[in-house]
Amino acid sequence: MNFEKFMKGGLAAVMAMSLAACSGSGNASSSTNTTTTTTTTTESGSTGTDTTASTAAAGGKFKLGGSGPLSGGAAVYGNAVKNAAQLAVDEINAKGGAVQFEFNMQDDEHDAEKAVNAYNALKDWGMQVSLCTVTSSPGAAVAPLYKEDSTFAITPSGSSLAVVFEDSDNMTGAYGNIFQMCFTDPNQGVASADYLSSHKDLGSKVAVIYKNDDNYSTGIYNKFVAEAAEKGLEVVYTGTFAGEDNDFNVQLTQAQSAGADILFLPIYYQPASTILKQANDMGYKVSVFGVDGMDGILSMEGFDTKLAEGVYLLTPFSADASDDLTKNFVANYQSKYGEVPNQFAADAYDAVYAIAQALEAAGMTSDKSNADICSALVGQFTSMTFNGLTGSDVTWNANGEVSKAPKAVVIQNGVYVGVEG
Amino acid sequence: MAFLSYLINGLSLGSVYAIIALGYTMVYGIAKMLNFAHGDIMMVGAYVAFFALNSFGLPVIPSVLLAMLACTVLGVVIERLAYRPLRQAPSLAVLITAIGVSYFLQNGAQLLWSSSTKVFPSVVPAGSVQLFGGQLSISYLTIVTILICIAVMICLTLFINRTRTGKAMRACAEDKGAAVLMGINVDRIISITFAIGSGIAAIAAVLLCSTYPSLSPTLGSMPGIKAFTAAVFGGIGSIPGAFLGGLLLGVIEILSKAYISTQLSDAIVFAVLIIVLLIKPTGLLGRKISEKV
Amino acid sequence: MKKIKSFFRALFDRKVRSRTISFLIVILGYIVVEILLKSGNLSSMFQSLLVPVTCYMVAALGLNLNVGVSGELNLGQAGFMSLGAFMGVCVSGALAPVVSNTLLRLLLAIVCGALIASVFGFLIGVPVLKLQGDYLAIVTLAFGEIIKSLINNLYIGFDANGFQFSFVENKLKLAPGGKALINGPMGATGTQRIATFTVGIILVLAALIVIYNIMYSRSGRAIQACRDNRIAAESVGIHVANTKMLAFVISAALAGAAGALYGLNYSTLVPAKFDFNLSILILVYVVLGGLGNMTGTIISTIILVLLPELLRGLQDYRMLIYAIVLILMMILSNNAKVREFAESMKQKLTSRKREEAANE
C-alpha cells in the first residue's frame, strides 16, 4: 500500500515541478513582452517615447535579441551596449520607416553557460535577428547555436576570432552568419605596430602590459609582437595581469628598469586609468599608446584627465568628434542615461543601424522565417557599405570580419586631437 | 634597491589587507561566523566616500567619517536582519546567508550607482619621499597607509584590552554561555563587533581606493577573499594575527609578482598559506583550542 | 505476486526509504522530461538547462558526501570540476579523429575526468584531512584557487605530431591543422558539443549508488559518528582516516566527472569559470537541500539552477531578487517556528497514514 501511495506522491511532486517549469517559461516570456514593445497594440514600456512609429508598424516588428553581461564584473560593457542599442531602436522606430524593431537584451553574466541559456530564452521569445553577445567567450559559445538555427547575428564588440570561426587556430570554418561590428583583434595589433614603427620619434623601446585572460587584449598583443619583430620595433618588457587585478606597480617598475620609453596598453580603459595613475605616482614618464578599448577614459567619473595628457590611441570612435552623427548620439545618450557613451555603445548603435539598413535594402518583412532573413542579411552585409559612428565606408567580408580604418588621436588638454596617420 | 621598493609596496598592500582582515577576524572571534559580505560592505564604504568627496565636495576627514558611519550602520542592520535570525542555526547556513548578502550588496550597488567604473580621487597628496639620493622613492600614500594600519591596530588592541566593552567582547569570544551568565548582553556585543568591523572596513576602502582607484560594484570581492586568507594565515580570531597575516600576504604577493611570475602570484600566495597551515594548523598566532567532548 | 509486494515493501523499508526516493525522483524526472521533449512541449531554454542541471547535481552530490556525511567543509569543489572539465575536453578533442562514436568519446572523457580529479583529490586529501574545521575549509579554498591559477597558465596543443605542452608562456608551435586544446586563460574553444542529458542522468544515478553504498556501509556509519563527535568516536576505537580519504576522493571524482560532462556541453570553456564563486554555488545547493540529504540536494539543485532563469523577466532586478530569495530561504528553513510547522505537518501525514493502515 505504501508503495502505491508513494508512487502517487512522487509523481505528483515531479508533475508539480515540471508544471512549475512550464508555467515558468510562460512567465518569463510574457514578462519580457511587457517590458519591450508588444507587436500590435501599444508602444513599449521601456522605449516609451515613440508614438509616431505606430503608423508604419503594419508589417510587424523584427524581434531583435542580444545578450551581454548586465550584472557582475563586466556589467559596464553589457549595459553600454544595451543602452545604445535601445537608443538606436527607439530612433529607428520613431522615424517610422519600413523596418521596426522590438528589442530584448538578456543577461549572460559574461559566462558561456548563461549565454547559452540567454540565447535559448531569446529563441523562445521568437528572436529573428540578433546582436549576438557583447563579450567574446560567451560569443564563441553561442555562435554554433546561431549557425544551427540560421539566425543572423552581428556582435557589437565580441572581437575574438573564435566568435566568427569555428576553428580559430587555423581561421577556418567561418560560421558565415555571425558578423562583427568591431575590429578583429589582430587588425588592431598590426595597425598599432605600423603606427609605432613609422613614428620612431615617440620612442623606440616598447613595454607592453596586457590582460592575458582577455581574448581582446591577448589577440592584439600576439599580433602586435609578431608584427613588431618584422618592423624592427624593440619590445623590451612584457607584463600581464588577469581578472580584477589592479596593482601594476611591479609591472611598471620592471618596465621602467628595462628602459622602456613607450608603454603599449592593448587593454580597456578602467585598468588603463589605474596604470596611468600608478605610473604618475611613481614618477615614471613614458609615452602611452592605446587601442580602441582606451576610449572612454576621459569620461570616467572622477578621472583626472591630466593623467591622460599625451596619450596616443587608435580608435574608430571618439565621443568628442565634431560630426553631427556623433554629436547627436552623444547628446541623446547622455540625456537618456546620464553618462558619456564609450566605444561599446558606439559599436552597438552602429550594429543596430547596420541591421536596419540591410533589412531595408533587402526589403525584408518580419513575417519571413529566420533562415530567409539570415540569408538576405548575409547577402546584404557582404555587399553593402555602411557609414556610422565608428567609421565610414565600412564593409564586411564573407567571414563576417569588418573592415574599417582606425584613426590615431592624441589627448591634448583633455580632448582628442587627430594626428596624421 | 628594487627589492626595498617592492617590499614597501608589499607592506602598503598588506596594510590594506590587514585592516580588512581585522574586521573578518573580530566578527569570527565573537560571532563565530565567516562574514563573506565583509568585502562588499567595504565596497559600499568606498562609494559613500567617493560621493562625499566628489559630489558633495566634502574635505577628506569628514568624508571618511561619513563612510565609516554608513558602513557601521550597514553592518549593524545586516547583522540584525540577516544574521541574528540564524543565531541558533548551523554555521553553514550563516555562511550561505552571508554569501546572499554579498550578492545583494553587489547587485544593489550596481542598480544604485551603475556598473561604470568610477575613479576614486586620492585622499593623500601626490608626491614621494626620496631616499638614497633618489634611488628609492616612497609615495606619501604608502607611508600614510602603513601608519594608519598601525594606528588602527593599536587602537583596536587598546579597546579590546582596556575597556569594559572590550572585556565583554573577549568574554563572548571565550564562552558565550558563560558570558550570558555573567550578565553580558551577547546580542549587543555582537552588534558592536559588527559596527566596529564594518567601520574599520570603510577606512580600508578609502586607503585601497586611493592606491587602486577603480571603483566598481565588484571591488570588494577579491580583497575580501585575500583578507579572509590573511585572517586565517595569522590565526583567525586573533587581532595581532590578522595584522601579521595581512602584512605577510601583501609582501608575499608583491615579491612573487616581482621575482617569480605575475601570472602565478595567486597560486604562490595560496601555496604559502597551505604550507603554514600544515606546520601550524591554527595559523601563525592562533591559539590551540583543546576540544571538549 | 507476493514476492513482488514484499520486494517493494523492502524498498520502502524505513532504513532504505530515502535511498529509494532519491532514485525514483531522478528516474521519474527523466521520464517526464523525455516525454515533454518528445512531444515538443519543452521550451528551448529548459532544454538548454538539462545537461548543466545534471552536472551541478553530480558535483553537489559529491560535495554532500564530503560536507554532509564526513562533515568536512570543502570550498574547492570547483577546482576538481575544472580538472575534469579540461581533461574531458582534451580527451575528446584528441580522440576526435580516432573515435567517431560520440557516446563512447563522451564516456571516455568522463572516466578520464573522474580519474584525474580523483588523483588530485588523493594528493590534496593527504594534507587537507590533517586539518580541521575552518582551517580545512580555507585549505580546500586555497587548492581550488591554485588549480584555477595553474590551468590559467597551461597551454596544451594537439597536431599531427602529438601533444605539445607549455606553461606560463604560450610556446605552442602547431603544425597547420593543429588545435590548441587549452589556450591558457582563454581556455578551450571550438569544442564539439557531445554531452547528452541521458548520460547526465546515468551519471546522477551512478553517483547516488556510490554515495549510498558508502553511507550505509560500516565505515560510512563510522564517518558519520566521527562527524557528530570526533573525540567520542575515537575514544571507542573508531579510526576513519582511510574512509574519510575515500569519501574525499570520491567526492573529487564525482566533481571531475561532472566537469567533463559540463565541458563537453559548451563549445567554449574558460578556467575562470571554475572559481571560488562556483564552489560556493555548489555548496549552496548542498546546504539548502540539507546536509547528508541526497534527495534534498537533487531538489535544491533543480530549484536553484532554474531560479535565476525564471527571474529573467525581472530584467535589471534579477540578481538582486535572487539574492533576497536566497537569504529568505536560509532564514526560513532555519526558523524554529517554520520547522515546528513542518514537523507537525509531517506528523499529521504519518499519523493519517497509520490510521489508514490500521483501518485496512
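**Figure 1. Helices α1(B) and α8(B) pack against each other in a predicted model.** An axis here is a line fitted to C-alpha atoms, for a helix over the stretch in contact, and the angle between two axes runs from 0 to 180 degrees between N-to-C directions. In this predicted model, the axes of α1(B) and helix α8 (residues 186–211) of chain B cross at roughly 165 degrees and come within 9 Å. Angles over 145 degrees count as roughly antiparallel. The two helices, α1(B) and α8(B), are therefore roughly antiparallel to each other. Their crossing, α1(B) with α8(B), is left-handed. Sort the residues of this contact by class: 18 are nonpolar, six are polar and none is charged.

**Figure 2. Helix α1(B) also packs against helix α2(B).** Helix α1 covers residues 2–31 of chain B, and helix α2 covers residues 38–54 of chain B. The axes of α1(B) and α2(B) lie 10 Å apart, at an angle of about 130 degrees. That angle makes α1(B) oblique to α2(B). The crossing of α1(B) and α2(B) is right-handed. Which residues make the contact between α1(B) and α2(B)? From α1(B) come B:Ile20, B:Gly23 and B:Tyr24. From α2(B) come B:His38, B:Gly39 and B:Met42. Three of the residues in this contact are nonpolar, three are polar and none is charged.

**Figure 3. In chain A, helix α3(A) crosses helix α4(A).** Look for residues 112–125 of chain A, which form α3, and residues 136–148 of chain A, which form α4. The axes of α3(A) and α4(A) come within 8 Å. They cross at roughly 40 degrees, so α3(A) and α4(A) are oblique to each other. The crossing of α3(A) and α4(A) is right-handed. On the α3(A) side, find A:Ala112, A:Ala115, A:Val116 and A:Tyr119. They meet A:Ser137, A:Pro138, A:Ala141, A:Val142 and A:Leu145 in α4(A). By class, the contact of α3(A) with α4(A) has eight nonpolar residues, one polar residue and no charged residues.

**Figure 4. Two domains of chain A touch.** According to the domain assignment, domain 1 of chain A is made of two stretches, 11–183 and 321–405. Domain 2 of chain A spans 186–315. How many residues does each domain give to the contact? Domain 1 of chain A gives nine residues, and domain 2 of chain A gives 11 residues. On the side of domain 1 that touches domain 2, two residues are nonpolar, seven are polar and none is charged.

**Figure 5. Chain B meets chain C.** The contact takes 36 residues from chain B and 34 residues from chain C. On the chain B side, the elements that give two or more residues are α4 (91–113), α9 (221–234) and α11 (265–279) of chain B. Which element gives the largest share of that side? Helix α4(B) does, with 12 residues. By class, the side of chain B that touches chain C has 26 nonpolar residues, eight polar residues and two charged residues.

**Figure 6. Confidence is given by chain and by stretch.** Chain C has a mean pLDDT of 88, and 97% of its residues reach 70 or more. Chain A averages a pLDDT of 82, with 86% of its residues scoring at least 70. Where in chain A does pLDDT stay under 50? Look at residues 1–58 of chain A. For this stretch, the model has 80 contacts beyond four places in sequence. The model scores ipTM 0.88 and pTM 0.87.

Methods:
Residues numbered from 1 in each chain as written. Chains lettered and ligands numbered in written order. Predicted model: local features only at pLDDT ≥ 70, side-chain atom pairs only at ≥ 80, totals over all residues. Contact = placed C-beta atoms within 7 Å. Helix = DSSP H or I, 4+ residues; strand = E, 2+ residues; numbered from the N terminus. Nonpolar A, V, L, I, M, F, W, Y, C, P; charged D, E, K, R; others polar. Domains from an automatic or database assignment. pLDDT = per-residue confidence, 0-100. Parallel < 35°, antiparallel > 145°, perpendicular 65-115°, else oblique. Left-handed = near helix turned anticlockwise from the far one by under 90°.
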